[in-house]
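Open the model in your viewer and keep the sequence panel beside it. Each stop below gives you a selection and says what is there.

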Amino acid sequence: MHGAGHPDRRTLLAGGLAVGTLALTGCTATSAAPLASSPSPEARPTTPAAAFARLMAGNRRWVSGDLRHPDRDPNRREFVAQGQEPFGAILSCIDSRVPPELLFDTGLGDLYVMRTGGEAVDPVVTGSVEYGPMTSGTPLIMVLGHQRCGAVEAAYKSLRDGKPLPGNLQAIVRALRPAYEQTVRQGGSDPVDTMARVQVKLTASDLRSNRDLAPLVAKGALTVVGAYYSLDTGKVEVLTGAPS
């Protein structure tokens, strides 16, 4: 992971491209002038509502097949090589059918992406989600669950039957226990799907109210959205927290 410092202004010269450089070390965030220009077809969203609108517009393109594939060429690669300023942070599942960069039709430097089984969260994952909003002003976090989640199904069956999963898979089960317990209380004909949705809502609520992110949410600089992805249609459904 590279630092959240911003690249200097780049201007086209007659003989080529003059590129400013920044010294970045590891994941240390640095302050620099904001991005002045970009090969991106659209300017970076700076508000939660604008970032949310960009994501959902990308998902509509994914559903329809009218894709733009933005920010995926050598110019963009060069532009973000020295720094990044993603407009969104996505916590999603590891499932191979749910890559956020594709289903929101985004590209290099657009999103921070964290992926864990069933969106299971621990302090390292929480810190990773916090990184963008706290170091580079990322205005949107989305917790994204999905249809037919294998991790949720495995955790549900493990807890229902009292049979621990092998190895560190059991850590996912423990992380998803609150969602399981709420699902049991709630009932319904498809408990695995219910649990997947509950897990999203609980995780989004926890992030929204945590001590480091809550002040950003309170002043309107950050929104935390809970959402659900349909494998059948490709559509992202908002469950909680959409900006007004």
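**Before you start**

This is a predicted model, in which local features need pLDDT of at least 70 and side-chain atom pairs count only at pLDDT 80 or more, while totals for chains, interfaces and linings use all residues. Residues are numbered from 1 along each chain as its sequence is written, and side-chain values use heavy atoms, with hydrogens and water left out.

**Stop 1: the whole chain**

Show the cartoon. The protein has eight helices and seven strands. These are DSSP runs numbered from the N terminus: H or I for helices, at least four residues; E for strands, at least two. Now colour by burial. Of the 244 residues, 45% count as buried. Buried means under 20% relative accessible area, exposed over 50%, and partly exposed in between, with a 1.4 Å probe and protein chains only. Next, contacts, meaning heavy atoms within 4.5 Å. Among contacts between residues at least 6 apart in sequence, 70% join residues at least 24 apart.

**Stop 2: helix α4**

Select residues 123–135. This is α4, with 13 residues. The expected span is 1.5 Å times one less than the number of residues.

Go to Val-129. Here α4 bends by about 30°. The bend is the angle between axes fitted to the seven residues ending there and the seven starting there. A proline, Pro-133, follows within four residues.

Check the start of the helix. A side-chain oxygen of Asp-122 comes within 3.0 Å of the backbone nitrogen of Val-124. Just after the helix, select Gly-137: its phi is positive, about 70°.

Buried residues of α4 include Val-125, Val-129 and Tyr-131. Show their cover too: among the elements over the buried residues are β3 (88–92), β4 (111–115), β5 (140–146), α7 (191–209) and α8 (214–218).

**Stop 3: the cores**

A nonpolar core is a set of buried Ala, Val, Leu, Ile, Met, Phe, Trp, Tyr and Cys residues joined through side-chain atoms within 4.5 Å. The largest one has 18 residues. Select Met-114, Val-129, Ile-141, Leu-207, Leu-213, Leu-222 and Val-224, which have the most contacts inside it. Two or more residues come from each of β3, β4, α4, β5, α7 and β6. A second, separate core has 17 residues, including Ala-51, Phe-87, Val-98 and Val-236.

Centre on Leu-213. Beyond its neighbours within four places in sequence, its contacts include Glu-130, Pro-133, Met-134 and Arg-208.

Then select Thr-223, in strand β6 (residues 223–229). Thr-223 is buried, with a relative accessible area of 13%. Among the residues it touches are Pro-48, Pro-139, Gly-241 and Pro-243.

**Stop 4**

Select Cys-93 and Cys-149. Cys-93 is buried at 3% relative accessible area. Cys-149 is buried at 2%.

**Stop 5: buried loop residues**

Select Val-98, in the loop between β3 and α3 (100–103). Val-98 is buried, with a relative accessible area of 0%. Its contacts include Cys-93, Arg-115, His-146 and Tyr-229.

Move to Gly-118, in the loop between β4 and α4. Gly-118 is also buried, at 0%. Both Cys-93 and Cys-149 touch Gly-118. Gln-199 is another of its contacts.

**Stop 6: two positive phi values**

Most residues other than glycine have a negative phi. Select His-69, where phi is positive, near 50°. His-69 sits in the loop between α1 (48–64) and α2 (74–80) and is partly exposed at 44%.

Finish at Arg-148. Its phi is positive too, about 55°. Arg-148 lies in the loop between β5 and α5 (150–161) and is partly exposed, with a relative accessible area of 49%.

Note on methods. A polar contact is a pair of N or O atoms within 3.5 Å; within protein, one must be able to donate a hydrogen and the other to accept it, and residues adjacent in sequence count only if both atoms are side-chain atoms.
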